[in-house]
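Have the viewer open as you read.

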Amino acid sequence: MEMEGASGSHNRSYRFAEGEEGENTKEHMYHVIHKVPCGDGPYVRAKHAQLVEKDPEAAIVWFWKAINAGDKVESALKDMAVVMKQVDRSEEAIEAIKSFRNRCPSQAQDSLDNVLLDLYKKCGKMEEQIALLKQKLRQIYEGKTFHGRPTKTARSHGKKFQVSVKQETARILGSLSWAYMQMSNFMAAEVIYRKAQMIDADSNKACNLVYCLIKQSRYDEARSVLEQVSSGGYPGWEDPKIKIRVESLMTQLDAVQPPCFLLQDDLPPGIDLEDDFVNGLDRLIAEWGPPRSKRLPIFQQLTPFTDDERESPDVDIDKS
């Protein structure tokens, strides 16, 4: 069977050539060079259309066939979402993942969540992104993501590496803060960025915190944090992109007249950022320690939070 629109000359890409050993070696090198898996199923044909033919629409058709046929469903679903995003069909990709993720194993759900988050960001669906980020936080403190272990194996660009509970929690909090920034809720973003920095500080989150402070006209506080970044006070300060960001933020600060404001250690008046949520993060930081059970003890104090307890007209921090 030939793939629609594909040249017959590429049939050899779907399986190892039979016969002489030299042909097998040549065929193997073809798959290695183009990063196309061996075989003749719909998933292989989809990858061929995506990577060799450079035909995203044909690839999507074959990814759908692979999903419906049960051929590498997890990979087909994620790869199809990536291709759909490239051709501005992100809304379809979101619906596809929601509809077919139940066909994927439990260990695949976390990576599917990450694909969804990327799609939500692409589509500007900030409320959906915030809800999913909060769900991922709950999965961490309930022990569903790390299964009581202090680290988990993650993958990026084909490489595996270890991620700690602290790093993952800070990353998600940083993403949550960024989402609030996109909704111009700079008070909520500031509070969560500060909590993320207390867990696992870095220069990128510090710069975002500075931006939140600038948008609230709290220029002296912003300048103080920015000076800490430029002086090497946070990891990653030597990154050229961070240095450019620091210069840009400093230019913004120099262009405004610092207003008179009251310095304080507490939250700015009127923020009303759900005391339960903020206090829960405070306890998370205070109780950080080695895991003693499947449910990480550092998160146990967050469990009692319910939607009924989170009532904030100003900051919709937990209506997931």
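Keep in mind throughout that this is a predicted model. Tyr 219, Glu 221, Ala 222, Val 225, Leu 226 and Val 229 are buried in H11. Look down the helix axis and you will find these buried residues within an arc of 160°, so they line one face of H11. What covers them includes helices H9 (186–200), H10 (203–215) and H12 (240–254). Just after H11, Gly 232 takes a positive phi of about 85°.

The largest nonpolar core has 69 residues, and Phe 63, Leu 77, Met 80 and Ile 97 have the most contacts inside it. Helix H8 (residues 165–182) gives the most to this core, with 8 residues. Zoom in on Phe 63: leaving aside neighbours within four places in sequence, its contacts include Tyr 43, Ala 46, Ala 76, Met 80 and Val 83. Lys 47, Gln 50 and Asp 79 are also in contact with Phe 63.

How far can you trust the picture? The protein chain has a mean pLDDT of 78, with 67% of its residues at 70 or more. Confidence is highest in helix H5 (residues 90–100), at a mean of 97, and lowest in helix H1 (residues 21–34), at 47. Over residues 26–34 the pLDDT is below 50, although this stretch has 20 contacts in the model beyond near neighbours in sequence. Where pLDDT is low, the predicted coordinates should not be read in detail.

Note on methods. Residues numbered from 1 in each chain as written. Predicted model: local features only at pLDDT ≥ 70, side-chain atom pairs only at ≥ 80, totals over all residues. Heavy atoms only, no water. Buried < 20%, exposed > 50% of the residue type's maximum accessible area, 1.4 Å probe, protein only. Helix = DSSP H or I, 4+ residues; strand = E, 2+ residues; numbered from the N terminus. Arc of directions from axis to C-beta. Contact = heavy atoms within 4.5 Å. Core = buried A, V, L, I, M, F, W, Y, C linked by side-chain atoms within 4.5 Å. pLDDT = per-residue confidence, 0-100.
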